[in-house]
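This report is meant for a reader who meets the structure for the first time.

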Amino acid sequence: MAGLRVCSLTTVVLIILLLPGSMERCGHISISAPIIHLGDTATASCLVSQNCSFLGPEPQILWRLGEEPPQPGERQQSQPTGFHESTITLPYLNHTHIFLFCYVNWNNKLQILDQAELWAGYPPATPYNLSCLMDLVTENLICQWEPGPDTHLPTKFTLKSFKSRSDCQTQEDPTEDCIPEDRQNYCSIPRSRLLLYQNMVIWVQAENALGTSLSPQLCLDPMDVVKLEPPTLQALDSNPSQLGCLWLRWETWKPSRHMDQSCELRYRPQLGEASWAQVAPLPSSALRHKLCGLLPATIYTLQIRCIRYRLPGQWSRWSPSLELRTIERAPVVSLDTWWRPRQLDAGREGIQLFWKPMPLEEQSGQIQGYLLSWSRAGQPMAVLLLCNTTELSCTFRLPSETGEVSLAAYNSGGTSHPTAVVFLDSEGPPLARLHATAQDPHSLWVGWEPPSPAPQGYLIEWNLEPPSPSGSNVTWRLEHNRNITGTLLQENIRPFQLYKITVTPLYHGTMGPPGHTYTYSQEMAPPRVPELHLKHIGKTWAHLEWVPEPLELGKSPLTHYTIFWSNAQERSFSTILNTSSHGFVLRGLEPASLYHVHLMATSQAGATNSTGLTLVTLALGESELYTFLGLFGFLVLLICLCGAAWFCYSPSRKNPLWPSVPDPAHSSLGSWLPTMMAEETFQLPSIQDAGMPPITKITVLEEEEEKKTQPWETSDSSEICGLPTLVQAYVLQEDPRTAFTHPQPQSGISDQVLYGRVLGSPSSPGPGHYLRSDSTQPLLGGLTPSPKSYENLWFQTSPLGSPRPSHPNQEDDCVFGPMIDFPLLQGLRVHGVEGLGGF
């Protein structure tokens, strides 16, 4: 953005310079103040001359601030002199440096008439932290200060001073001002302008367009602020007999050798982020120093600086760093040793010795190597060197003579105390029980049951299985605590590896036989799973078998097997078997179907699946298919028969097809009697047939309370015949002489029953006549229709069995035919005769 702004400003300046002279004199910008306080308001006016004849009488004057779009001014007016003036106010100017342009519209294009440069910032702050020093190398008085916050305006700093012979209260000869270079906050006053051993007053003045500020005055003598150059630090030869000490010397700067100086020494070890330690004061007359109390075999960084002794002045810079190493200390260690027989080349037997250093002191010297030597018994000076190695093991062949074997560690500082190597025989009792488990992927816990008597200690060895031919991957350690029954192994343990752990009990002068165990640092799931084999297969079953994998060394045993099988429809089944199972029969399979089967072996560490086995069951035979279809058909037929029987014998299913016809003999009419009845027995011969049995009983069963008389039409007795509509007569089927003592029950009017009439006399030898009615009207609910002629036995047979003529034209209206056929009814007096009307 800054580059684009500079480019645009440069373009504007070039355009203004290339304008013709007439255009250049057309306008002019006047600003209230070119430099203002940041955030203040600025006003400007643009005056367009009357000489601009190419402009219109009322030209439009526009303003543009920096990269903002052009805009008209707040006010534009024409003066009597012919000038046109436009004014603008810029509130809260927040640009530290910007250009303001005045435009007019000329030929439909904006033309720049004039521009003005605006600056905004702050007055200079008061400089602070003024300090000076006398540099003896350049012989200049160098003063520096802090200028304070940025003012955003060009600010000039000036270092002012004057000489004063008293306490800096009176001014004598002023010195020449020192003006630093741009953006520098220090300045040097040369020796020619100084008066040594005389006070001077020095201060800094900061000035810009908005104001001036002065720093506090500094009163000093140039010789009181002398800063020496640092001395040169060197090392002296160290005394090997004194451990942890360094000898140092230094040389002061040659121009300051006539001055008394006091020095400081600082040092720190190159161990991480160690802090500096200081040693002071060091008189310069000694020019050497013995620094002790240091760590052996450690590299130290040292620096020194000096100041005038007993006089005012400033410390010199720290000298360049000097790095020295302290003398190494001989190793102070004890060596734990262990050995095992080893077969050498050419069929010779040798010994492989292992050792492990155990530091006895915290500042024990660093070990550079080991010396294994053999000496004859009683002749310690006759030494035979067996090994000189930096490793922790050595394979050698002992001389045939009797001697002593010793082991020592050495470095540049000396040799440790030798350790005697003892070769023990295996004559002690063994461990009772040894076991090991993995605590985590990087540690193993080994435990044992101590024998009796208790050992003096234990030797624990562990290595990867199978071991390397050189035996270099064996890790071991000695446990001197005779009371422990287990220990945690964390050294050189990697996850998912099989380790062989050996524990040997150590006794006084002998040892027991070693015990071995195997375990994994972090066990994985079973690496191999038995393969499934199809032994036999049928239509609905399949016999599978497998051969169990042998148990691997150090592996946990399997806990169970799981068999999974699925059909083509992705329906899955499974079953769990114990590890003693070697086969399984899949039952309930479908004939001629495809199945996928696999076996999963599970242990404490996880589970692993076997490869899948695909099998197809056998299809059904032709005879089996016929048998199956026959059974299926028989089952369908049996279901149909049961359904039909249930449909026929179920009352709820019968009624919709055959309506239920009530039986009058088993209905409530069998025991029904009217409350009031009037009965008479007539013994009148029939007009038509002298042998007709007499009518035994006519009973009026019920009569509505509201009696209405209807006249009987007698004009045509052959066509119209009937009883009163409100009276129904019934003939009871029992002896007329029987007393009627039963009360009349209330019968519902909604029951539809068929009923009949019995005609005859109990004294008659012939059977009685039964007249059946086909009426479906409710009993005692209204008039009862007459039976058909073919249903009324009265009109079909006589007491002798001869047929009687029927009256087909009148049987729908009257039961007994014309009134002339019933002479008894003509003279009958019935209770409630008033309801018979004109009968």
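How many of the five residues of strand β4 (residues 61–65) are buried? In this predicted model, strand β4 is mostly covered, since five of its five residues are buried. Ile 61, Trp 63 and Leu 65 point one way from β4, while Leu 62 and Arg 64 point the other way, and all are buried. In a regular strand the side chains alternate between the two faces of the sheet.

Strand β4 is joined by five bridges to strand β8 (residues 97–106), and the two run antiparallel; within this pairing, Arg 64 stands opposite Phe 101 in β8. Two bridges also join β4 to strand β5 (residues 71–72), again in an antiparallel arrangement, and here Leu 62 has Pro 72 as its bridge partner. β4 and β5 form a hairpin with five residues between them, and Gly 66, which lies in the turn, has a positive phi of about 65°.

Elsewhere, an open sheet of four strands has the order β13-β11-β10-β17, with mixed pairing. β13 (186–190) and β17 (226–227) stand at its edges, each with a single partner strand, so one side of each is left without a neighbour in the sheet. Strand β10 (residues 128–135) and β17 run parallel and are joined by two bridges, and Met 134 stands opposite Val 226 in β17.

| Residue pair | Separation in sequence | C-alpha to C-alpha distance |
|---|---|---|
| Thr 389 and Gln 368 | 21 residues | 9.0 Å |
| Asp 150 and Gly 121 | 29 residues | 8.7 Å |

Thr 389 is found in strand β28 (residues 379–389), and with a relative accessible area of 17% it counts as buried, because the cut-off for that term is under 20%. Leaving aside residues up to four places away in sequence, Thr 389 touches Trp 355, Gly 369 and Tyr 370, and its side chain reaches the backbone nitrogen of Glu 391 at 2.9 Å.

Asp 150, in the loop between β11 (140–146) and β12 (156–163), is exposed, with a relative accessible area of 58%. A polar atom of the side chain of Asp 150 lies 3.1 Å from the backbone nitrogen of His 152.

Finally, Leu 625, Tyr 626, Phe 628 and Leu 629 make a nonpolar surface patch of about 430 Å², and Phe 628 lies in helix α3 (residues 622–649).

Conventions:
Residues are numbered from 1 along each chain as its sequence is written. This is a predicted model: local features need pLDDT of at least 70, side-chain atom pairs count only at pLDDT 80 or more; totals for chains, interfaces and linings use all residues. Side-chain values use heavy atoms; hydrogens and water are left out. Two strands pair if DSSP finds at least two bridges between them. Patches are made of residues with over 30% relative accessible area and no salt bridge: like charges are joined within 9 Å, nonpolar side chains (Val, Leu, Ile, Met, Phe, Trp, Tyr) within 5 Å. Accessible areas come from the Shrake-Rupley method with a 1.4 Å probe; for residues, only the protein chains shown count as cover. A salt bridge is a side-chain nitrogen of Lys or Arg within 4 Å of a carboxyl oxygen of Asp or Glu. Buried means under 20% relative accessible area, exposed over 50%, partly exposed in between (1.4 Å probe, protein chains only). Contact means heavy atoms within 4.5 Å. A polar contact is a pair of N or O atoms within 3.5 Å; within protein, one must be able to donate a hydrogen and the other to accept it, and residues adjacent in sequence count only if both atoms are side-chain atoms.
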